[in-house]
There are 2 protein chains.
Amino acid sequence: MLNIEQANQVVLGRMMGARPILRTVARAADVIPAMGERMLLHAGPPITWERASGPLRGAIVGACIFEGWAADASAAQALVTAGEVTLAPCHHHAAVGPMAGVTSPSMKVYVVENVTHGNKAFSNLNEGYGKVLRYGAYSDDVLARLRWMNDTMAPLLADALALSEEGLDIRALLAESLHMGDEGHNRNKAGSILYTTRLAPLIARAAPDAETAAAVLKFLGDNALSVLNPVMAACKAMADAGHGVEGSTIMTTMARNGTDLGIRISGLGDRWFTGPAGQPDGLYFPGFTAADANRDIGDSTITETAGIGAFAMAAAPAIVTFISGTPQDAMNATLEMYEITAAEHTAFTIPALGFRGTPTGVDIRKVVELGITPRINTGIAHREAGVGQVGAGLTRPPLSVFEDALLAYAERYLEG
Amino acid sequence: MLNIEQANQVVLGRMMGARPILRTVARAADVIPAMGERMLLHAGPPITWERASGPLRGAIVGACIFEGWAADASAAQALVTAGEVTLAPCHHHAAVGPMAGVTSPSMKVYVVENVTHGNKAFSNLNEGYGKVLRYGAYSDDVLARLRWMNDTMAPLLADALALSEEGLDIRALLAESLHMGDEGHNRNKAGSILYTTRLAPLIARAAPDAETAAAVLKFLGDNALSVLNPVMAACKAMADAGHGVEGSTIMTTMARNGTDLGIRISGLGDRWFTGPAGQPDGLYFPGFTAADANRDIGDSTITETAGIGAFAMAAAPAIVTFISGTPQDAMNATLEMYEITAAEHTAFTIPALGFRGTPTGVDIRKVVELGITPRINTGIAHREAGVGQVGAGLTRPPLSVFEDALLAYAERYLEG
């Protein structure tokens with residue numbers, strides 16, 4: 001007899017028992033499974049150029065120029081539409097990327113290993129705020145920064161991490177940062193300086209010269225999102241550890257490509273359930289309004305999938321200055337998420353709630369029964385290619401994707 | 001006619017308008033006003049060797065050995081009791097030191113400048129947790145660490161800070177750390193890594209070699225109290241900016257020497273009002289109990305004097321794992337302090353209270369009227385010289401010192 005609760009407890013035990021360690025930084029196509037030399041990974045469920053939104057197209061163009069495959073936007077578009085460059089979801093390759101999430105073969109990526117279960121996960125490097133590739137910008141300065149990150153910072157990070165036998169325990173770092181006002185998705189201020197501080201002595205020792213050490217330490221330390229990408233890879237490693245458990249109704253993927261939002265369920269294999277990505281509500285940078293906003297985009301909802309991000313907002317009252325709302329709204333966001341989750345995290349706790357574990361493991365049955373969808377903290381991209389970030393805010397996935405998943409679950413497990 | 005409220009608003013305007021910038025690290029007797037070459041500064045109000053507690057005696061002995069004035073405890077005691085080494089409060093020399101606060105002429109100190117009003121303040125370097133001079137330990141390893149700090153770390157910090165034209169704005173750093181779960185006295189985890197992160201590129205550039213850079217970055221980054229001493233100097237600079245305003249009833253000093261607690265009032269000049277230092281309630285390290293605890297000690301209550309520390313505990317719910325109590329107790333501590341203070345800080349805000357300013361500027365009239373004394377977060381020293389820290393907790397000053405101060409105020413301003 002099918003015991004759904006038991007299956008879900010297996011999933012949660014694996015997700016929360018996973019211990020993701022940052023090991024190194026390496027060239028994407030050298031380490032990401034089945035990543036071809038003419039492949040671009042992107043955020044969210046599968047999508048074609050024709051259906052891709054402005055920021056995803058911009059990032060694809062930028063990646064083609066970065067790789068030297070194309071000189072401009074129309075040449076890049078021609079390559080992709082002719083099938084000479086393949087598009088594939090990061091999630092199909094054990095990877096995740098924030099916003100557009102575009103990762104090309106030569107880009108350096110973080111390599112995170114879940115030492116409990118042995119699986120690995122990958123994420124690209126964080127470029128900082130504003131006009132950046134992941135928001136669809138691809139001007140010369142954007143590409144120059146990417147090249148510096150790839151050719152100067154990434155090798156130094158790899159050399160620095162090589163000096164650490166134990167690697168960097170990202171779950172422990174996250175647990176600490178949740179006690180320091182982060183929620184791990186849109187607010188990673190504490191995590192990023194913890195990350196910089198832990199790496200600093202290793203960077204000083206591994207650097208080819210003092211100026212390179214100083215430049216990398218400044219780049220990491222000034223960017224309040226430095227740790228977002230290792231955190232996302234860690235969350236991916238945790239979520240993947242819980243994926244594929246027969247009979248489970250726990251969500252193990254939630255991701256958006258700027259057009260569609262898709263989820264996957266532990267007990268339903270690799271099938272995506274998709275619907276329209278949301279239009280975020282939030283605060284806009286000076287000069288921009290909601291009319292400029294693209295639909296929600298990015299794999300960063302892997303954080304909510306793993307029990308942090310919007311689910312841990314009660315730990316991060318100061319985030320409301322960035323995404324709108326009041327500290328009480330932040331508290332309420334976490335409290336609401338307990339309604340649709342199957343566990344309280346054993347490693348991630350919230351001081352302001354008496355050290356209660358974060359709500360973890362979305363159960364699609366509860367979502368559909370209560371009509372409460374997961375909350376998402378997110379950055380907001382301009383709808384046109386080439387512009388970049390215009391704000392940050394909150395959104396939710398459509399209820400329909402959970403209804404579709406539950407229907408598929410019923411078809412597979414409960415009928416016939 | 002005497003307008004007390006107006007005088008107090010002048011004090012608060014000066015305290016909150018002060019902008020303390022960390023400028024450099026220098027030899028104590030070279031920069032601290034009127035510090036003699038045979039003088040030891042200590043925490044709290046004036047005290048003699050005869051009345052000094054174990055941890056203060058231990059720190060005095062350690063400092064005499066550090067300076068090469070004495071080979072052991074009895075030789076050090078002989079020098080001090082013979083008057084060949086002078087004891088003086090840090091507070092008499094624009095300085096502050098945590099716990100015993102003992103600062104000798106050759107020790108390197110932080111130099112903080114209040115750029116709004118031009119006054120300077122000083123504090124020694126932080127040694128980390130456990131067996132350290134400031135808790136009265138003076139074994140060879142304690143002295144060896146002090147020498148490394150003085151001879152290797154301090155010159156590098158000075159060189160690093162010299163690369164920064166604007167210096168390090170400690171008020172801005174504190175404001176940020178209060179949004180990251182610190183209260184600035186007993187919890188400085190976020191502030192210390194912010195501090196390390198800001199200095200890291202400068203340290204990398206200024207270091208004589210990579211190993212020295214790495215060692216200093218590790219020492220600063222691993223010590224969750226690294227920034228306490230610059231923070232204390234910053235609070236001293238802020239409090240001193242408000243001192244000496246005719247007619248004011250605002251407390252501008254609160255400090256303990258391990259025997260007595262003393263306060264000073266803006267409108268009452270340099271006169272101390274003293275009473276017995278409290279016995280902290282708190283959590284003890286394994287192997288120690290309340291029977292091992294010394295009376296409360298240290299100048300670190302300059303943080304509460306300036307509107308942070310226990311007064312900002314609502315910002316730091318995770319601190320209860322270290323000092324005992326619940327997150328609600330931490331919230332209540334802050335709420336209670338609004339009862340006895342004259343302002344809400346314009347730079348220091350608490351996200352969980354809807355970004356309300358911290359309670360700032362203790363008014364001795366309110367303390368006496370309500371019978372509510374200021375709250376203090378504190379470390380707990382072993383009562384015997386040479387042991388070190390045994391725990392952390394909470395205490396309060398005796399009400400009598402506020403009654404005495406108010407009586408003196410009445411004598412001076414309201415009678416005759």
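Student: Why is A:Phe355 called partly exposed in this predicted model?

Tutor: A:Phe355 has 15 C-beta neighbours inside 10 Å. A residue is buried with 20 or more and exposed with 12 or fewer, and partly exposed in between. The value of 15 lies in between, so A:Phe355 counts as partly exposed.

Student: Where does A:Phe355 lie, and what is its phi?

Tutor: A:Phe355 lies in the loop between strand 13 (341–350) and strand 14 (356–362) of chain A. Its phi is positive, about 65°, although A:Phe355 is not a glycine. Most residues other than glycine have a negative phi.

Student: What makes A:Ala94 buried?

Tutor: A:Ala94 has 20 C-beta neighbours inside 10 Å. The cut-off for a buried residue is 20 or more, so A:Ala94 counts as buried. A:Ala94 is placed in the loop between strand 3 (86–89) and strand 4 (95–96) of chain A, and it has a positive phi of about 60° without being a glycine.

Student: How do you know that B:Ile203 touches B:Leu156?

Tutor: Two residues are in contact if their C-beta atoms lie within 7 Å. B:Leu156 is among the residues that B:Ile203 touches, so their C-beta atoms lie within 7 Å. B:Ile203 also touches B:Ala160, B:Ala213, B:Val216 and B:Leu217, leaving aside residues up to four places away in sequence. In the largest nonpolar core, of 291 residues, A:Ile203 and B:Ile203 have the most contacts.

Student: How many residues of chain A are in contact with chain B, and which helix gives the largest share?

Tutor: In chain A, 29 residues are in contact with 29 residues of chain B. Helix 7 of chain A gives the largest share of that side, 11 residues.

Conventions:
Residues are numbered from 1 along each chain as its sequence is written. Chains are lettered from A and ligands numbered from 1 in the order in which they are written. This is a predicted model: local features need pLDDT of at least 70, side-chain atom pairs count only at pLDDT 80 or more; totals for chains, interfaces and linings use all residues. A nonpolar core is a set of buried Ala, Val, Leu, Ile, Met, Phe, Trp, Tyr and Cys residues joined through C-beta atoms within 7 Å. Helices (H or I, at least four residues) and strands (E, at least two) are DSSP runs, numbered from the N terminus.
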